[in-house]
Amino acid sequence: MPKINILPKEIYQLIAAGEVVERPSSIVKEMIENSVDAGAKSITVEIKNGGSTYIRITDDGCGIERAEIKKVFISHATSKISEKEDLNSISTLGFRGEAMASISAVAKVELLTRAENEDCGTRYEIAGGEEISCDEAGCPKGTTIVVRDIFYNTPARMKFLKKDVTEGNAVAGIVDRMAISHPEISFRFIRDGKKTLITSGNGELISTIYSVFGREVSDSLIPVDYSYENMHLKGYISSPTVSRKSRAMQFFFINARLIKSQTAMAALEQAYKNLIMVGRFPMCILDIELNPSLVDVNVHPAKIEVRFANEKPIFDLIYYGVKSAVEADRTVKQAELAPKAEQIYDIPKSTYSSKIDFFRRKDESPVQQTFKAKPNNDFWRVSSPQLDFSAEEDKYERQEVLQAEGAKTAEKALIQTEKNTDNSITVDEGKDVSFRLVGEAFKTYLIVEIENELYFIDKHAAHERMNYELFKAQSTVEVQMLLSPVTVSLSKDEFEVITDNAELLRQCGFETEPFGESTVAVRGVPSLVGDSDVKDLITEIAQKLLEHKTDITPDKIDWIYHSASCRGAIKAGDKTTPQEQEMFVEKLLSMPQIRFCPHGRPVFIKISKYDIEKQFGRV
């Protein structure tokens, strides 16, 4: 039988540290929680090199008396609980007594503190679990802790740290969450010498949300204030007119403690059912106030997982609280109007409009456009000038049409000169197919007669696949520079993945750059997409990049093309003229490889004349 060894202190401390100290953000979380429990009204967090070499946290809390300082770094030493019954009603953020002992086991720690009843403060140093010095020092009331060189004595664990920007973003995310959970505390975050976050600490949650996430997010929120069975739900949720492609902006708190809860998430999204599209998610910052005895936070060392004594009341509280707030909201989505300009387009006289330029023939010069403000009702996007649309003969003449009542915006309209409605185009080499456009159903499906069959064409699915084929055919994606950059607010993880993949996005036609701590500015987009839905598209791409980090580059490019093709395609319900519909069918039938959209849905279905006549009893 193997001999049983009693592990020495330096080994069991390292094992315990592995549960608590995973990365710099873990240290920051634990120390901020201690500052909050100490009654601090102001907390400053400073990091360098993502926190791997330097973390300093300063607070104006109660401080630590000199006689108690050494106990701080002993495992399972805590001021939060004293007997087992205390575990049934934990009201503090920290309580396990593991954090500081674990941190000092894998890093060099310097503590400077003074309690209110002391005239002189104390400076204490410890590294690798071993005390270095303990001296008197002059300092204000409160505590400052400096942590240097994380994992200096465990190089194997240091290898698992990510690059500085990634670790720094993780720390920023922790500070953000702690700030919104405690709006009564003023937070300052300094990153490599630059102040990136300052909150007022005035107790107003919406003010803190504005400081953390910006105006765009704060302006889209509606308040929640609801009580149920001695529990209280408060915070903010997004209006149904605003939704996101991921759950990255959903934050739940229990008595100001950040938690992860499937019950809370399910209740939130159930309250939005039939109010937002499938695949879209609401934002929320919600705090549940309840009796601590009803929830067990002693589940995991990170204290983010919890268990409820009864899940149903929690579900009902969130569901009915959110539902009531949503139903009381009367917000109507506001259209983003193009800025007024003297001339929106500068179009040579002998060209098609941007709506139908998608179908320009190969013998025509590309449209020369000066984009100052793009109309919201564009149907087709500007196409690549290298495309061959294989039209047999010139069927159309161009005529410039001014908009009503002397508007200065000029668009092109296509005038069909042929008297008959049949068209003859080449589908396969040596084979001509004539079609007749019957009409359009539900502003979504084009109905076309070809020989003895009726075809129902899903114009969105077809246009999406056309765009996708055009993306793949281009050696260099054409970029449309935007007159005014579009700013997109993202979560810290989304911001990081977009900035890390800037070159990949550039290959796909997106010109992006950082615009603050969690915002990117989009200055150019693929010309097939135009400038509509840029925010949703960038958010969607960010989420896919997060979900598919290990995909090879060609696969990433492929599904970015999928997303962009979908955004740039005509939507179901959009109005199209008969001339546009006819040209669309011509183009579709000239591309026989198109049978399904990039997501696998059929582009068209057909019904034979025989089947129709059979239904009417004619055969």
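This is a predicted model: local features need pLDDT of at least 70, side-chain atom pairs count only at pLDDT 80 or more; totals for chains, interfaces and linings use all residues.
Biologist: Which residues of α14 are called buried, and what does the word require?

Modeller: A residue is buried if its relative accessible area is under 20%. In α14 this holds for Lys556, Ile557, Trp559, Ile560, Tyr561, His562, Ser563, Ala564, Ser565, Arg567 and Gly568.

Biologist: Against which elements do the buried residues of α14 pack?

Modeller: Their partners are α10 (459–473), α12 (502–507) and α13 (534–547). Contact here requires heavy atoms within 4.5 Å.

Biologist: Why is strand β10 described as mostly covered?

Modeller: Burial requires under 20% relative accessible area, and six of the eight residues of β10 (231–238) are buried, so the strand is mostly covered.

Biologist: How do you know that β10 pairs with β9 and with β13?

Modeller: Two strands pair if at least two bridges are found between them. Strand β9 (residues 221–228) and β10 have eight bridges, and six bridges join β10 to β13 (residues 284–289); therefore both count as pairs. Each pairing is antiparallel.

Biologist: What lies between β9 and β10?

Modeller: The two strands form a hairpin with two residues between them, and Glu229 in the turn has a positive phi of about 50°.

Biologist: In what order do the strands of the open sheet lie, and what makes β22 and β23 its edges?

Modeller: The order is β22-β24-β23, with antiparallel pairing. The strands β22 (479–489) and β23 (511–514) each pair on one side only, and these are the edge strands. Neighbouring strands are turned by 20° against each other on average, direction ignored.

Biologist: How do you know that β23 and β24 pair?

Modeller: Four bridges join β23 to β24 (residues 519–526), and the criterion is at least two, so they pair. Pro514 stands opposite Val520 in β24. Helix α13 packs on this sheet, touching β22, β23 and β24, and its direction makes about 70° with that of β22.

Biologist: How much of the whole chain counts as buried?

Modeller: Of its 619 residues, 50% do.

How values were computed
Residues are numbered from 1 along each chain as its sequence is written. Side-chain values use heavy atoms; hydrogens and water are left out. Buried means under 20% relative accessible area, exposed over 50%, partly exposed in between (1.4 Å probe, protein chains only). Axes are lines fitted to C-alpha atoms, for helices over the stretch in contact, and angles run from 0 to 180 degrees between N-to-C directions.
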